[in-house]
Amino acid sequence: MERKMEENTVSDVDAGREAGGEDALVGNVNKLMVSPPGYSGTPRKGHLVFDACFESGNLGRVDYISEFEFDLFIRPDTCNPRFRVWFNFTVENVRETQRVIFNVVNFSKTKSLYRDGMSPVVKSTSRPKWQRLPAKNVYYYRCPDHRRNYVMSFAFCFDREDDVYQFAYCYPYTYSRLQHYLASLERRNLPYLQREQLGLSVQQRRLDLLTITNSDHMSAEREKKLVFLTARVHPGESPASFICQGVIDFLVSHHPVAQILRDHVIFKIVPMLNPDGVYLGNYRCSLMGFDLNRHWQDPSPWAHPTLHAVKQLIVQMNQDPRVSLEFYIDVHAHSTMLNGFMYGNVFEDEERVQRQAVFPRLLCQNAPDFSFSNTSFNRDVVKAGTGRRFLGGLLDDTSYCYTLEVSFYSYMTAGSTAPVPYTEETYMKLGRNVARTFLDYYKLNNFVKDNRPTPIQSSGVMSQTGNGVGRDTADRKKEKSESVGH
């Protein structure tokens with residue numbers, strides 16, 4: 001497609017700003033009207049107005065190529081120009097039946113699930129449920145017009161003039177959405193749920209900590225098995241929040257398996273480790289440009305306050321002889337692989353290696369979208385500052401630390417020939433299955449009436465209970481007493 005070389009006319013509806021160069025993308029477009037070159041006068045229908053000045057929004061610049069084509073530039077993460085992946089913006093002032101091609105031209109990654117059929121998600125004011133664009137309308141290619149960088153182009157037809165359309169890299173899950181969700185949980189006054197503010201981010205947003213357990217079973221003399229779960233250290237990995245909510249929804253439910261888990265296990269959950277990055281629409285970094293998942297070894301209380309607070313809590317619990325901190329799971333989303341899968345650590349002790357594989361094997365039995373074959377165990381040097389690696393070295397050898405990854409796009413079930421795109425609901429279902437798997441791991445199946453847990457209504461979460469291959473309490477107490485702390 002031939003591109004016009006004349007200077008673009010790009011005006012801001014509110015302030016009359018001109019768009020800066022690609023290296024000057026420091027803010028989001030704000031009600032930016034993009035009109036044809038040389039046009040002056042009253043904006044017409046079809047002179048598109050772009051906006052990303054809202055929570056988790058990201059769009060740094062728009063170039064008019066033709067009446068039917070626009071180049072879109074992702075705003076880099078704040079204070080870190082290296083990361084340009086997440087986008088989330090609205091378009092209004094459209095003309096009915098107006099067809100356009102949007103080219104997202106400055107991705108910082110070359111490998112992408114766009115090669116495998118992934119597509120952006122869209123909603124509009126009259127159709128508020130997110131849906132994926134048809135894969136046949138999406139193209140991913142090296143573009144000679146953009147220094148042979150990779151470009152993702154998608155074609156779209158606007159069909160309702162009064163609608164505002166919103167496009168995003170994946171289903172957004174904002175800081176405000178989390179706050180509304182946690183407030184609704186609090187209003188239920190559940191005796192087994194505690195919400196507390198563990199700290200504040202640099203911009204003074206809440207760092208929430210949930211504790212889910214049956215308080216009747218918290219007697220001082222009883223050893224407490226503890227599972228610690230975190231999510232959204234990388235703000236653009238929004239599927240992690242849906243998984244995390246799935247875990248929470250299940251654990252606070254009246255399902256008999258959830259009741260048994262609350263009787264035997266303490267669950268500590270930090271659902272949003274990087275609230276500033278999420279709010280700002282960053283992909284990987286915090287407000288100050290830090291990839292927090294590389295700073296676990298020595299987090300700063302002023303530069304990485306959320307990480308510092310979580311690390312302090314985990315270290316403190318690990319030193320408590322009454323607590324057996326058995327799991328740390330950090331939830332992420334993956335931009336190049338399908339399915340859910342895990343990363344674990346590498347150990348010299350072969351028995352510990354085998355024990356570490358137990359939980360992902362059980363999860364594979366319970367979740368049709370979880371892939372054990374994609375699960376891997378490594379000690380990659382560049383991952384030394386991650387939660388999984390750091391805590392894997394800090395905690396004793398009865399503890400297991402994992403990164404749980406899920407595809408931004410889709411999963412393949414056994415025997416299927418085509419990928420199934422993830423939805424918000426199927427991400428949450430994976431979270432419910434993660435929670436469910438602790439029943440098998442801790443061999444608590446006998447506590448379920450008739451050894452047949454009641455299926456969760458309309459979700460198909462529960463598979464028939466397995467025999468479980470986790471260790472019992474006596475085994476773990478013996479190991480803990482024999483182990484040497486790091």
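This is a predicted model: local features need pLDDT of at least 70, side-chain atom pairs count only at pLDDT 80 or more; totals for chains, interfaces and linings use all residues.
Local features require pLDDT of at least 70 and side-chain atom pairs count only at pLDDT 80 or more, while totals for chains, interfaces and linings use all residues. Residues are numbered from 1 along each chain as its sequence is written, and side-chain values use heavy atoms, with hydrogens and water left out.

The largest pocket holds about 380 Å³ of space. A pocket here is an open set of points on a 1 Å grid over the protein atoms alone, where a 1.4 Å probe fits and protein lies on both sides within 12 Å along at least five of seven lines; lining residues have an atom within 4 Å of a point. The volume is the space filled by probe spheres set on the points, which are joined across faces, edges and corners. Of the 19 lining residues, Arg284, His334, Tyr343, Lys383 and Glu405 lie nearest the centre. Strands β17 (323-334) and β20 (400-407) each give two or more residues to this lining, and β17 provides the largest share, three residues.

Helix α1 covers residues 175-187; helices are DSSP runs of H or I with at least four residues, strands runs of E with at least two, numbered from the N terminus. Its buried residues (under 20% relative accessible area, 1.4 Å probe, protein chains only) are Tyr175, Leu178, Gln179, Tyr181, Leu182 and Leu185. They share one side of α1 because they cover an arc of only 165° around the axis, taken from the directions from the helix axis to the C-beta atoms. The opposite face carries His180 and Arg187, both exposed (over 50%). The buried residues pack against β13 (193-200), β14 (206-212), α2 (239-251) and α4 (275-280), with contact meaning heavy atoms within 4.5 Å.

Note on methods:
The expected span of a helix is 1.5 Å times one less than its number of residues.
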